[in-house]
Amino acid sequence: MERKDLIETWMKSLQGSICNSLISLDGKSSFREDQWERAGGGGGRSRVITNGDLIEKGGVNFSAVHGDLPEKIQQALKMGKSTFYATGVSIVLHPQNPWVPIIHMNVRYFETKAKNSDEGTYWFGGGIDLTPHYVDPADGGYLHQQLKMVCDQTDSSYYPRFKKWADDYFYIRHRKETRGVGGIFYDQLNEQKEKKSFDELWQFHQSVGERFVPIYEHFANKYRSKPYTDEHKNWQMVRRGRYVEFNLVWDKGTKFGLDTDGRTESILMSMPPQAQWHYDHQPAAGSAEAETLKWLQKDINWIAHA
C-alpha cells in the first residue's frame, strides 16, 4: 500500500469513529452525509449534524483531492509546475449551550511532485483549538495539559513551539484579540525539517486526531446542562460573529480550499447557523463578557491555570 493510501484510509476511519462518538454524545441528532467529486481530481465525504441536543451545527469532513497545483499556490510555495495530493479531516462544532465552547480540529497530509523532474515533497499539518464563548482559565489549562501530553510523547519542544504557532495563527488581527484560548497548530512537518522519521511524524499526527473526542467529551459533559439566559445566548451570537470574521478573512485553509476549486459547501461548513454583529458592542464593566475579553490575548501560560 502506498503511503498516501495508508494515510487516506486512516483519515476515513478517523472521520467514522469521531462521527459515531458525537452521535452517541449528542443523543438526539445524527449526521447527513454528502459524497462529492472534485472536477480536477478526487473528492470527499462531508458529514453535517444540526439541531442536536448538544450540537446546534457541526461538521466532520473528509477529503482526498489531487491534480495540478494551481499557479497561485505554486507561487506561495515557491514551486514550479507540479501535481499535488491532499487528504485530511476537518471538524468544527457549534454547541447549543453558550457555556459549551466551539471546538475545531484539522489533521491533513499534503504532497507534491514536480512535472519536469523527480523532485517532490510532503508534509503533515493540523492541530486542535478551543473557542469558548465564556473563558474559564481552568478550561484553558485542561486543554493545554492534554495537548502538551500528546506533544511530549514525540518531542518536548513541540508543545511550546506549536502552542506559540496557534497563538499567532488564531489571531483576529483587525480586532486585536485571539479567537479563543488557542491550542496547538503545526504545518509543513516532514523528515527534512524535523529530523525525524516519517513513522515518528505519522504517529504524532495520529495521536492528535485521536485526542479530539476525549477533549470534547470533557467540555460537553461539564457544561451541556448548565442553565443560561437570553443574555448568554446573545453573547454567544456575538462571539460566533468573531469566529466568522477569522474564517473568512484570515484562515489559510479556507483560502486553500477556494483556490483549489474545492467544494464550497464543505469549505464553509465551519460557519455557525446564526451569528450577530452589533455596532461598537461593549460589554458592561465587571460582567462575565467583559472578563472573557481580558483573556483573549496571546502568550498566556494556560497550564498554570489548570
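Is E33 buried, exposed or partly exposed? E33 is partly exposed, since its relative accessibility is 35%; here buried means under 20% relative accessible area, exposed over 50%, and partly exposed in between (1.4 Å probe, protein chains only).

This is a predicted model, where local features need pLDDT of at least 70, side-chain atom pairs count only at pLDDT 80 or more, and totals for chains, interfaces and linings use all residues. Residues are numbered from 1 along each chain as its sequence is written, and side-chain values use heavy atoms, with hydrogens and water left out.

**View 1. E33 meets R47 across two strands.** E33 and R47 form a salt bridge with their closest N and O atoms 2.7 Å apart (a side-chain nitrogen of Lys or Arg within 4 Å of a carboxyl oxygen of Asp or Glu). The partners sit 14 residues apart, E33 in strand 1 (residues 31-37) and R47 in strand 2; helices (H or I, at least four residues) and strands (E, at least two) are DSSP runs, numbered from the N terminus. R47 counts as buried because its relative accessibility is 15%. Look around R47 and you'll find, among others, Q15, C19, F31 and N61 touching it (contact means heavy atoms within 4.5 Å).

**View 2. Helix 7 reaches R175 and E177.** E245 and R175 join their side chains in a salt bridge of 2.7 Å, N to O. That pair spans 70 residues, from E245 in helix 7 (residues 230-249) to R175 in the loop between strand 7 and strand 8. E245 is buried because its relative accessible area is 10%, while R175, at 33%, is partly exposed. R239 and E177 make another salt bridge, at 2.9 Å between the closest N and O atoms. R239 belongs to helix 7 and E177 to strand 8, so this pair ties together parts 62 residues apart in sequence. Both R239 and E177 are buried.

View 3. The largest nonpolar core holds 61 residues, and I18, V107, F124, F204, F212 and Y216 touch the most other members. Such a core is a set of buried Ala, Val, Leu, Ile, Met, Phe, Trp, Tyr and Cys residues joined through side-chain atoms within 4.5 Å. Helix 6 (residues 198-223) supplies the largest share of this core, twelve residues. Setting aside neighbours within four places in sequence, I18 is in contact with V60, I91, M105, G209, F212 and V213. A second, separate core has eight residues, including L69, I73, A86 and W123.

**View 4. T292 tucked under helix 10's label.** T292 is in helix 10 and is buried because its relative accessible area is 1%. A polar atom of the T292 side chain lies 2.9 Å from the backbone nitrogen of V135. Beyond its neighbours within four places in sequence, T292 is in contact with H133, Y134, V135 and W235.

**View 5. Two loop residues with positive phi.** Most residues other than glycine have a negative phi. N51, in the loop between strand 2 and strand 3 (55-68), has phi near 55 degrees, a positive value. N51 counts as exposed because its relative accessibility is 52%. K176 also has a positive phi, near 55 degrees, and sits in the loop between strand 7 (171-172) and strand 8 (177-178). K176 is exposed, at 65% relative accessible area.

Notes:
Polar contact = N/O pair within 3.5 Å; in protein donor to acceptor, adjacent residues only side chain to side chain.
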